[in-house]
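Take the sequence and the model side by side. The paragraphs below go through the helices, the loops and the contacts between them.

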Amino acid sequence: MWTGLDPWIGLDSIENNCRNAMKIARQQFGIPLILRPEHLASHDLDELSAITYLSYFIKVGAPGYNATLQRIQPIVRNAPVFNFTVII
């Protein structure tokens, strides 16, 4: 799935990597295309746009949600974490 992305690419191919990654994210995880690949690849990408796009990866049921819960749990051993929206 991610094996087609090349971490050692020239500037011209960065946009292609973004295009491929965003296509995979949409097809495999239902992440909406709220940015264009050339915008995501740009050095001028604003922080709010990047955070908004990346936030889709950690919404409930998204690929990063359970992984994040698993990473957080050992850090806060005295307070079990079941979600990121409700404080018990």
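Buried here means under 20% relative accessible area, exposed means over 50%, and partly exposed lies in between, with a 1.4 Å probe and protein chains only. The buried residues of H4, which spans residues 63-72, are Gly64, Tyr65 and Leu69. These three lie on the same side of H4, because they cover an arc of only 135° around the axis. The arc is that of the directions from the helix axis to the C-beta atoms.

The model is predicted, so local features need pLDDT of at least 70 and side-chain atom pairs count only at pLDDT 80 or more, while totals for chains, interfaces and linings use all residues. Residues are numbered from 1 along each chain as its sequence is written, and side-chain values use heavy atoms, with hydrogens and water left out.

The secondary structure comes to four helices and zero strands, in the order α-α-α-α from the N terminus. Helices (H or I, at least four residues) and strands (E, at least two) are DSSP runs, numbered from the N terminus. Of the 88 residues, 18% count as buried. The protein exposes about 6800 Å², of which carbon and sulfur atoms supply 58%; accessible areas come from the Shrake-Rupley method with a 1.4 Å probe, and for residues only the protein chains shown count as cover. Among contacts (heavy atoms within 4.5 Å) with a separation of 6 or more, residues 24 or more positions apart account for 17%.

Ser49, Ala50 and Tyr53 are buried in H3. They line one face of the helix, since seen down the axis of H3 they fall within an arc of 100°. An α-helix has 3.6 residues a turn, so residues three or four places apart point the same way. On the other side of H3, Glu47 and Leu48 are exposed.

What does serine 49 touch, not counting residues up to four places away in sequence? Serine 49 touches Leu35 and His39. Serine 49 counts as buried because its relative accessibility is 18%.

Leu35 leads on to the nonpolar core. The largest nonpolar core is made up of six residues: Met22, Ala25, Ile31, Leu35, Tyr53 and Phe57. Such a core is a set of buried Ala, Val, Leu, Ile, Met, Phe, Trp, Tyr and Cys residues joined through side-chain atoms within 4.5 Å. In soluble globular proteins, nonpolar side chains tend to be buried together. Leaving aside neighbours within four places in sequence, leucine 35 is in contact with Met22, Leu40, Leu45, Ser49 and Tyr53.

Proline 32 is in the loop between helix H1 (11-29) and helix H2 (37-41). Not counting residues up to four places away in sequence, proline 32 touches Tyr53 and Tyr56. Proline 32 and tyrosine 53 are 21 residues apart along the chain, and their C-alpha atoms are separated by 8.1 Å. Proline 32 is partly exposed, at a relative accessible area of 27%.

The next loop, between H2 and helix H3 (47-55), holds serine 42. With 27% relative accessibility, serine 42 counts as partly exposed. The side chain of serine 42 reaches the backbone nitrogen of aspartate 44 at 2.9 Å. Serine 42 and glutamate 15 are 27 residues apart along the chain, with 8.2 Å between their C-alpha atoms.

A salt bridge is a side-chain nitrogen of Lys or Arg within 4 Å of a carboxyl oxygen of Asp or Glu. In one of them, the side chains of glutamate 15 and arginine 19 meet at 3.0 Å, N to O. Why are glutamate 15 and arginine 19 separated by about one helical turn? Because glutamate 15 and arginine 19 are four residues apart in helix H1. Glutamate 15 is partly exposed at 30% relative accessibility, and arginine 19 is partly exposed with a relative accessible area of 35%.

Arginine 36 forms a salt bridge with glutamate 38, and the closest N and O atoms are 2.9 Å apart. Arginine 36 counts as exposed at 57% relative accessibility, whereas glutamate 38 counts as partly exposed at 32%.

Conventions. A polar contact is a pair of N or O atoms within 3.5 Å; within protein, one must be able to donate a hydrogen and the other to accept it, and residues adjacent in sequence count only if both atoms are side-chain atoms.
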